[in-house]
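Me: I have a model open and would like to go through it with you. Could we take the pockets, then the ligand, then a loop?

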Amino acid sequence: MILVTGGLGFIGSHTVVALLEQGYEVVIIDNLSNSSLAVLDGITKITGVKPHFEQLDLRNKPAVHYFFEKHKNIEGVIHFAASKAVGESVKNPLLYYENNIGTLVYLLQEMTRHGLSNLIFSSSCTVYGQAATLPITEEAPIQKALSPYGNTKQISEAILKDTVNAYPAFKAIALRYFNPIGAHPSALIGELPRGTPQNLIPYITQTAIGKREELAVFGSDYDTSDGTAVRDYIHVIDLAEAHIVALARLLAAKNKSNLEFFNIGTGTGSSVLEVIHAFERVNKLKVNYKIAPKRPGDVTAAYADTTLANNELGWQSRLSLEDALRDAWHWEQKLAE
Ligand code: WQD
């Protein structure tokens, strides 16, 4: 049985689909703070399997303890449950430290107490800040976090380091995501941003469908090819697949150390304007946008060197930016039905 925390979230739900399609038995924990039970229906429709689900908040320490007392057959854990809006974390840092750090500690206490040893942790390229060298390798120095969100990911990685040192049988893989985008090709599951989308792609699709007046492009005088910021946009289906191969590595004890880090991206950077124009081209429509001031905390450019994941995990992204932008648009259209 594989436990997926935050399994009804954007990346979590796509990973649950991939796990079920690989024949794993899955139990999902989610507190529904940033998701809905409709996602469980979507997963069931896609795979024909309804995974076990428990509505549980990982901040509830006794409930977490009771869960692990009850489920004795957990062989691996994929931990997605966390808050992830950079801007919100600046306004509400204590929510982020409680939710992203507190819950990781409770989860690790229960896993080590029950002798469980296989954890896949969702980390982030935000730990690198503005890397001095591009593409970014896993050896790039961790720089002072630009937001409480980024800091929670850095602190979480430090907690994992101390945990594997204290508990030699415990092993974990931290996947440092670049920018997850897109949706399942069936358009039965996808990203469900609450309120005004913080991220670029949902803001583009909501502008295209008419829910938003106009997209603001944050900055046009960055030191990039067209002046707009560059990111590594990876299809959520490829990202889900990376979790499957990382889990298999731990279950087969093929890991080379008890805590491994992998950058999960496409290895290609795309500017905001390039994304907008690709979206317009692929979906044959126009996106209404204006140039606006830079957003505090944004880095100029970030894209992954994926050599380690390619060689060690045998994983590389397969889907293109265009595939993701097409799937994101189909999902937005489905939501509007
Ligand atoms: C992308 C680019 C914006 C909105 C995200 C997640 C973070 C982490 C990394 C997982 C930037 C620009 C955006 C808009 C814009 N993922 N933009 N107008 O900031 O790279 O971080 O991926 O851990 O959690 O937040 O992604 O989509 O917010 O921004 O111009 O309305 O699009 O300035 O250059 P970001 P994003």
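Me: How much space lies in the second largest pocket?
Reply: Bearing in mind that this is a predicted model, the second largest pocket holds about 160 Å³ of space.

Me: Ok, and which residues lie nearest its centre?
Reply: Those nearest the centre of the second largest pocket are Ala38, Val39, Gly42, Leu188 and Trp331, out of 13 residues that line it.

Me: Which elements give two or more residues to that lining?
Reply: Two or more residues of the lining of the second largest pocket come from α2 (38-47) and from α11 (321-335), and the largest share, five residues, belongs to α2.

Me: What does the lining look like by class?
Reply: Sorted by class, the lining of the second largest pocket has eight nonpolar residues, together with two polar and three charged ones.

Me: Switching to the ligand, which residues come nearest?
Reply: There are 20 residues around the ligand, and the ones that come nearest are Tyr149, Leu200, Ala216, Arg231 and Asp298.

Me: Which side chains have an N or O atom 2.5 Å from a ligand oxygen?
Reply: Tyrosine 149 has a side-chain N or O atom 2.5 Å from an oxygen atom of the ligand, and the side chain of aspartate 298 likewise places an N or O atom 2.5 Å from a ligand oxygen. For arginine 295, a polar side-chain atom lies 2.8 Å from an oxygen atom of the ligand.

Me: And how much of the ligand's area does the protein bury?
Reply: The protein buries 93% of the 680 Å² that the ligand exposes when taken alone.

Me: Which elements give two or more residues to the shell?
Reply: In the shell around the ligand, those elements are α7 (200-209) and β8 (215-218), with β8 giving the largest share at four residues. By class, the shell around the ligand is made up of 12 nonpolar, four polar and four charged residues.

Me: Last topic, where is serine 83 found?
Reply: Serine 83 sits in the loop that runs between β4 (76-79) and α4 (86-91).

Me: Does that count as buried or exposed, and why?
Reply: Serine 83 counts as buried because its relative accessibility is 12%, and the cut-off for buried is under 20%.

Me: What separates the C-alpha atoms of serine 83 and tyrosine 96?
Reply: The C-alpha atoms of serine 83 and tyrosine 96 are separated by 6.3 Å, although these two residues are 13 residues apart along the chain.

Key
Residues are numbered from 1 along each chain as its sequence is written. This is a predicted model: local features need pLDDT of at least 70, side-chain atom pairs count only at pLDDT 80 or more; totals for chains, interfaces and linings use all residues. Side-chain values use heavy atoms; hydrogens and water are left out. A residue is near a molecule or strand if one of its heavy atoms lies within 4 Å of it. A polar contact is a pair of N or O atoms within 3.5 Å; within protein, one must be able to donate a hydrogen and the other to accept it, and residues adjacent in sequence count only if both atoms are side-chain atoms. Accessible areas come from the Shrake-Rupley method with a 1.4 Å probe; for residues, only the protein chains shown count as cover. Ala, Val, Leu, Ile, Met, Phe, Trp, Tyr, Cys and Pro count as nonpolar, Asp, Glu, Lys and Arg as charged, and the others, Gly among them, as polar. On a 1 Å grid over the protein atoms alone, a cavity is a set of points where a 1.4 Å probe fits but cannot get out, and a pocket is an open set with protein on both sides within 12 Å along at least five of seven lines; lining residues have an atom within 4 Å of a point. Grid points are joined across faces, edges and corners, and a volume is the space filled by probe spheres set on the points. Buried means under 20% relative accessible area, exposed over 50%, partly exposed in between (1.4 Å probe, protein chains only).
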